[in-house]
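Dear colleague,

Here is the structure I promised to pass on to you, and my notes on it follow directly below. Please read them with the model open beside you.

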Amino acid sequence: MVKLKIDNMEVEVEAGTSILEAARKVQINIPTLCKHPDVDPSAGCGMCIVKVNGRIIRSCCTPVGEGMEVITNDDELFETRKTVLELILSNHPNDCLKCARSGQCELQDMAMHMGVDRDEIQKIVEDDELDDSTQSIVLDPSKCIVCGRCVDICQNEQNVWALSYLNRGLATKITGANDTKLADSPCIKCGQCAVHCPTGAIVEYDETQKVWDMIKNPETVTVVQIAPAVRVALGEEFGYEFGANLTEKIYAALRRLGFNKVFDTNFGADLTIIEEASEFVKRFTNNDNLPMFTSCCPAWVDYIEKYYPENLPNLSSCKSPHQMVGALAKTYYAQKMGLDASKVKVVSIMPCTAKKWEVRRHETMSSSGYQDVDVVLTTRELAKMIRQAGINFKALKDEPADSPLGEYSGAATIFGVTGGVMTAALRTAYFYITGKELGQLNFEAIEGLEAVKVAEVDINGTKVRIAVVNGVGNVEEVMDNIRAAQEAGEELPYHFIEVMACPGGCISGGGQPKVMMQHMEKPWGITDEVRKLRSKGLNTEDTQAKNRLSHHNESIKKLYDEFLGEAGGHKSHELLHTKYRQRDVYK
């Protein structure tokens, strides 16, 4: 342990702790724009300066030392920070009122609290053209403060390398790799850059007006669905505790917005499990194209198509849950209600920016001849629409989802957290193989936020080896293990692998709320503490659910009896399964 003084207070912390972290342990908030718990310190912004024995240094990257005496705030430090902030703002547009991040912007917040007057600052660098080429995320270089968080996350955490620095000095900017448009770069649209951006430089591609137009069109029947992770995150936008599960209040809000039918992606999650578990059992029994990878994360699908195309036969052919609901809304539901499928418009509320790209993949169109889902909105976009409509969200009374695509099990709810898809699939796969229900419905070995989790499950005397990966940058370890075993002629290390592109799974997807926990104590964005609370909200619903098994969903059983026939059958493959293709890393 190391003893030091911070603002004349005695502090004792572990060796290697930065001055910034040590100060936060005693409730001293040193301002910073570039440091985030998910990224390594870069000392990029220069806001976190402190004095150590009279010498000014940057606290985010300086470890504590025995007997160190630190001053975090005095007149000189304040004026220096204010000058640094003014220099940052001199290369920033003055259009906060129309910025998507207004009110949730670290730069705006810091300028207000430091008393910086924008009218006194002359802009010295010309704006660059924004990049909305992916139609999933938007990069606006004019709002970028070159803190480097997005580059660090994209390169070092996600291992995608879609973003990079260009030029030097005041001309430095962040662009698509090789100065390309993001759509032409290796970008997988996961949106982790947007989650970690402290300003409005990277945000989701806004499609709220498109949805308003659909709702107002009397010729259309608007169907909406919410993903598992949305229900434990939307409340943060309206003052609820992290992880508060507000499913039925969200249903009520969606009806107030004017949607004709409110369904739930969890129904699609249960359906995915029926199809995916059936697919896995068949592959495992026949030793065919193992290991099998899950396919419900579109950013992961994009990643494997670009970086591991040789493994595409190992990817489950199941569409993601919201695509399945979309396909059924335009076939099964439309037929039951006597609706013209061309007039049924499906909107998915997702925690994910990659879902915006997914619905535009031509491979996701079903045999109905229509795009399964018409528009994807993020959790943040839904919050925006609720505010635009003047809805008092907290005052809404709970309402149920609509039938027939609204019933779901606890297994479906945990799709939103890492390990949830694997847990749900194994519950049903065990039943399909043995004809018996799994006694212990949870698998402790694959719970939690560890990057790669492995376990061995005994199914009637047969050992099934599984792996769960969260954060697409961690999948390389698993792929290397598979390749090494194959080259050595050894048994596969895994039979079934779940991959979610975002750390912690969908609960920290690129479209989730960016809410500060306490003013200036932690940056805007998603931290492990928030991930744990959101995960708890989903796991609690599963634990308390009357039915925790996808194959006991009565609405799913009725769907197969009335419409689909058998799991994995001809009609299911036409509507609920998809194909993949190799994609170039660069276009």
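Setting aside its neighbours within four places in sequence, glycine 176 is in contact with Leu139, Ala162, Leu163, Ser164 and Leu182. Please bear in mind, here and in everything that follows, that this is a predicted model. Glycine 176 belongs to strand 8, which covers residues 173–176, and because its relative accessibility is 1%, glycine 176 counts as buried. Valine 151 is 25 residues away from glycine 176 along the chain, and the C-alpha atoms of the two are separated by 9.9 Å.

Does its length agree with what its residue count would lead one to expect, or disagree? Helix 8 has 22 residues, 265–286, and at 1.5 Å a residue these should span 32 Å; the C-alpha atoms at its ends are 31 Å apart, which agrees. Helix 8 is also mostly covered, since 19 of its 22 residues are buried, that is, under 20% relative accessible area. At the start of helix 8, a side-chain oxygen of aspartate 264 comes to within 2.8 Å of the backbone nitrogen of asparagine 266, while the residue that follows the helix, asparagine 287, has a positive phi, near 50 degrees.

Helix 8 packs against helix 17 (residues 554–564) at an angle of about 65 degrees, with the two axes 10 Å apart, and helix 8 and helix 17 are therefore roughly perpendicular to each other. Their crossing is right-handed. On the side of helix 8 the contact is made by Phe267, Asp270, Leu271, Ile274 and Glu275, and on the side of helix 17 by Ser555, Ile556, Leu559, Tyr560 and Leu564.

Helix 6 passes helix 12 in a right-handed crossing, in which Thr208, Val211, Trp212 and Ile215 of helix 6 meet Glu381, Lys384, Met385 and Gln388 of helix 12.

In the other pair, the axes of helix 2 (residues 75–89) and helix 3 (residues 106–113) come within 11 Å and cross at roughly 135 degrees, which makes helix 2 oblique to helix 3. Helix 2 passes helix 3 in a left-handed crossing, and the contact is made by Leu85, Ile88 and Leu89 of helix 2 together with Leu107, Met110 and Ala111 of helix 3.

Threonine 83 also has its place in helix 2, and with a relative accessible area of 41% threonine 83 is partly exposed. The C-alpha atoms of threonine 83 and valine 116 are separated by 9.3 Å, although the two residues are 33 apart along the chain. In the loop between strand 5 (69–71) and helix 2 lies aspartate 74, which is partly exposed, with a relative accessible area of 24%. The side chain of aspartate 74 reaches the backbone nitrogen of glutamate 76 at 3.2 Å. Aspartate 74 and lysine 51, which are 23 residues apart in sequence, are 9.1 Å apart in space, C-alpha to C-alpha.

Finally, there are two single residues that I would ask you to look at. Which backbone atom does the side chain of histidine 36 reach? Histidine 36 is found in the loop between helix 1 (19–25) and strand 3 (49–52), and its side chain reaches the backbone nitrogen of aspartate 38 at 3.0 Å. With a relative accessibility of 0%, histidine 36 counts as buried. The other residue is threonine 331, which lies in helix 10 (residues 321–337) and is buried, with a relative accessible area of 8%. A polar atom of the side chain of threonine 331 lies 2.7 Å from the backbone oxygen of alanine 327.

With kind regards

Methods:
Residues are numbered from 1 along each chain as its sequence is written. This is a predicted model: local features need pLDDT of at least 70, side-chain atom pairs count only at pLDDT 80 or more; totals for chains, interfaces and linings use all residues. Side-chain values use heavy atoms; hydrogens and water are left out. Helices (H or I, at least four residues) and strands (E, at least two) are DSSP runs, numbered from the N terminus. The expected span of a helix is 1.5 Å times one less than its number of residues. Buried means under 20% relative accessible area, exposed over 50%, partly exposed in between (1.4 Å probe, protein chains only). A polar contact is a pair of N or O atoms within 3.5 Å; within protein, one must be able to donate a hydrogen and the other to accept it, and residues adjacent in sequence count only if both atoms are side-chain atoms. A crossing is left-handed if the near helix is turned anticlockwise from the far one by less than a right angle, and right-handed if clockwise. Contact means heavy atoms within 4.5 Å. Axes are lines fitted to C-alpha atoms, for helices over the stretch in contact, and angles run from 0 to 180 degrees between N-to-C directions. Angles under 35 degrees count as roughly parallel, over 145 as roughly antiparallel, 65 to 115 as roughly perpendicular and the rest as oblique.
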